[in-house]
Amino acid sequence: MKGKFLGIFTNLLLIAVVVAVSVVGFFGGNAVTVSKDNTNLFYEAENGNGVSLMFNVYEHTDNVYKILDALDEYEAKSTFFIGGSWADDNVDCVREIYKRGHEIASHGYFHKDHSRMSVSENLEEIRPSVKLLNMICGTEIKLFAPPSGAFCENTLNACLSLDLRVIMWSRDTVDWRDKDVNVIVSRATKELRNGEFVLMHPTDCTVTALPQILSYIRDNGLSAVTVTHNLGE
């Protein structure tokens with residue numbers, strides 16, 4: 001009986017270790033515990049009616065304009081998660097994104113690791129970016145994407161107080177690292193379905209890959225929509 005109990009305990013311990021490693025690996029080495037009280041965290045739209053291409057922007061302003069032109073060509077809409085420090089230097093580009101009918105959202109101000117911050121530190125990093133984007137576009141920012149996908153309970157609580165939804169992704173093109181157009185297209189489109197959030201950046205390879213991605217979306221009866229639209233609002 002003692003041996004049987006020990007075997008069960010060992011198996012449960014092994015399962016716990018596997019789960020812990022999975023969580024740490026997914027969030028880049030920072031384990032995240034999310035309470036059931038937080039309802040502002042989304043990895044995709046459960047009943048989504050489109051696909052959301054999400055662009056995290058801290059650089060490559062020229063490529064942002066090229067992305068806007070490609071989205072226009074395919075009559076697609078997207079959500080741009082914009083870093084405050086970049087927005088401060090590229091006000092005209094931010095306004096152009098909004099003018100063309102795309103959604104503006106926050107990506108923090110200085111691309112910090114939110115998983116290591118207190119609630120007040122999260123607020124100090126997120127709130128200024130929201131205020132700046134609100135001022136530039138004359139709109140209300142409702143979404144926040146943590147840089148590098150790093151967040152913690154404090155991040156979620158800070159965003160709750162700011163009435164922000166925290167947006168992650170269902171698939172990551174990893175276009176900032178893997179500069180291969182075919183790989184980027186495959187990651188963005190393979191078995192793509194409604195409700196998915198696809199993470200991208202304004203890299204040179206992404207600009208080249210985007211028309212193929214948008215063609216796939218159109219040819220497979222899907223629509224490229226903003227995150228807020230995908231969430232049913």
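Just after helix α2, E75 takes a positive phi of about 50 degrees. The model is predicted: local features need pLDDT of at least 70, side-chain atom pairs count only at pLDDT 80 or more, and totals for chains, interfaces and linings use all residues. Residues are numbered from 1 along each chain as its sequence is written, and side-chain values use heavy atoms, with hydrogens and water left out.

Start with helix α2 itself. Helices here are DSSP runs of H or I with at least four residues, strands are E runs of at least two, and both are numbered from the N terminus. Helix α2 covers residues 61-73. Its 13 residues should span 18 Å at 1.5 Å a residue, and its end C-alpha atoms are 19 Å apart, which agrees. The expected span is 1.5 Å times one less than the number of residues.

Which residues of α2 are buried? They are N63, V64, I67, L68, A70 and L71. Seen down the axis of α2, the buried residues fall within an arc of 165 degrees, so they line one face of the helix. That arc is taken from the directions from the helix axis to the C-beta atoms. Buried means under 20% relative accessible area, exposed over 50%, and partly exposed in between (1.4 Å probe, protein chains only). The cover over these buried residues includes β2 (52-57), β3 (79-82), α3 (84-89), α4 (91-99) and α8 (204-219).

Now look at the loop between β2 and α2, where H60 is found. H60 is not a glycine, yet has a positive phi of about 60 degrees. H60 counts as partly exposed because its relative accessibility is 35%. H111 also calls for a look. Its place is in the loop between β4 (103-106) and α5 (119-137). H111 has a positive phi of about 55 degrees, although it is not a glycine. With a relative accessible area of 38%, H111 is partly exposed.

Step back to the whole chain. The protein chain has nine helices and eight strands. Of its 233 residues, 49% count as buried. Contact means heavy atoms within 4.5 Å. Among contacts with a separation of 6 or more, 76% join residues 24 or more positions apart.
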